[in-house]
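This report goes through a protein model part by part. Please look at the sequence and the structure first, and keep them in view while reading.

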Amino acid sequence: MGLDNYAARHPEGGLTEEDEQAFRDAGIDLCGGMHSDGVVSFRGKWYDPLVSHVTGVSLYQEWIPPEIVRQMAEALNRYSSEQLAEIWDHIAPLPPMDGEKVFHSEREVADLQRFFAICAERGLGLKGWW
């Protein structure tokens, strides 16, 4: 089952132009999904193991309200991006490529932390679609 998560002002969705610009200005570049762009939305299935493990909140929900997203951002920011990448490698290791071990990117984790921080700063929730 796939999952896309969208930053949103309410359960039906929606962002202001200023919201969208905040994500673009931050240079967010996450794994996109079938209908998500990796900037104001992301492939939740990819990030759920890490987010669920660290925050205790699954991304597999139709709506995660802003106050919960704020708590999730705080939980993610208790760790450095290096620590989170190591946690992710431990709980959901990537398959080797050409016989070489592959690791999750600290830059991608930092973008995930930034995504949640922007949501928290702007009072945004997360809308799930699958």
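## The sheet

Tyr6 stands opposite Ser41, a residue of β2. The model shown here is predicted. Strand β1 covers residues 4-8, and its pairing with strand β2 (residues 41-43) is antiparallel, over three bridges. β1 is also joined to strand β4 (residues 125-129) by five bridges, and these two strands run antiparallel. One of the residues bridged in this way is Ala8, whose partner in β4 is Gly125.

In what order do the four strands stand in the open sheet? The order is β2-β1-β4-β3, with antiparallel pairing. β2 and β3 (63-64) are at the edges and have a single partner strand each, so one side of each has no neighbour in the sheet. Strand β1 is mostly covered, as four of its five residues are buried.

## Lys127 in strand β4

Lys127 is a residue of strand β4. Its relative accessibility is 24%, so Lys127 counts as partly exposed; the partly exposed class lies between under 20% for buried and over 50% for exposed.

Leaving out residues up to four places away in sequence, Lys127 touches Asp4, Asn5, Tyr6, Ala8, Pro11, Glu12, Gly13, Glu62 and Trp63. How far apart in space are Lys127 and Ser80? From C-alpha to C-alpha they are 26 Å apart, and in sequence they are 47 residues apart.

## Two helices that cross

Two packed helices are described by the angle and the distance between their axes. For α2 and α3, the axes come within 9 Å and cross at roughly 90°. The two helices are therefore roughly perpendicular to each other, since angles from 65 to 115 degrees count as such.

Which residues meet where α2 and α3 are in contact? Val51, Val54 and Thr55 of α2 meet Met72, Ala75 and Leu76 of α3. By type, the residues of this contact are five nonpolar, one polar and no charged. Helix α2 also lies across β1 and β2, and runs at about 85° to β2.

## The nonpolar core

The largest nonpolar core has 33 residues. Within this core, the residues with the most contacts are Phe23, Leu59, Phe115 and Phe116. Two or more residues come from each of α1 (17-25), α2 (44-55), α3 (66-76), α4 (81-91) and α5 (106-122). Which helix gives the most to this core? The answer is α5, with seven residues.

Apart from residues up to four places away in sequence, Phe23 touches Ala7, Ile28, Val39, Val40, Phe115, Ile118, Cys119 and Leu124.

## A residue with positive phi

Asp98 is found in the loop between α4 and α5. Is Asp98 buried or exposed? Its relative accessibility is 80%, so Asp98 counts as exposed.

Most residues other than glycine have a negative phi. The phi of Asp98 is near 55°, which is a positive value in a residue other than glycine.

Note on methods: Residues numbered from 1 in each chain as written. Predicted model: local features only at pLDDT ≥ 70, side-chain atom pairs only at ≥ 80, totals over all residues. Heavy atoms only, no water. Core = buried A, V, L, I, M, F, W, Y, C linked by side-chain atoms within 4.5 Å. Buried < 20%, exposed > 50% of the residue type's maximum accessible area, 1.4 Å probe, protein only. Contact = heavy atoms within 4.5 Å. Axes fitted to C-alpha atoms, helices over the stretch in contact; angles between N-to-C directions. Parallel < 35°, antiparallel > 145°, perpendicular 65-115°, else oblique. Nonpolar A, V, L, I, M, F, W, Y, C, P; charged D, E, K, R; others polar. Pairing = 2+ DSSP bridges.
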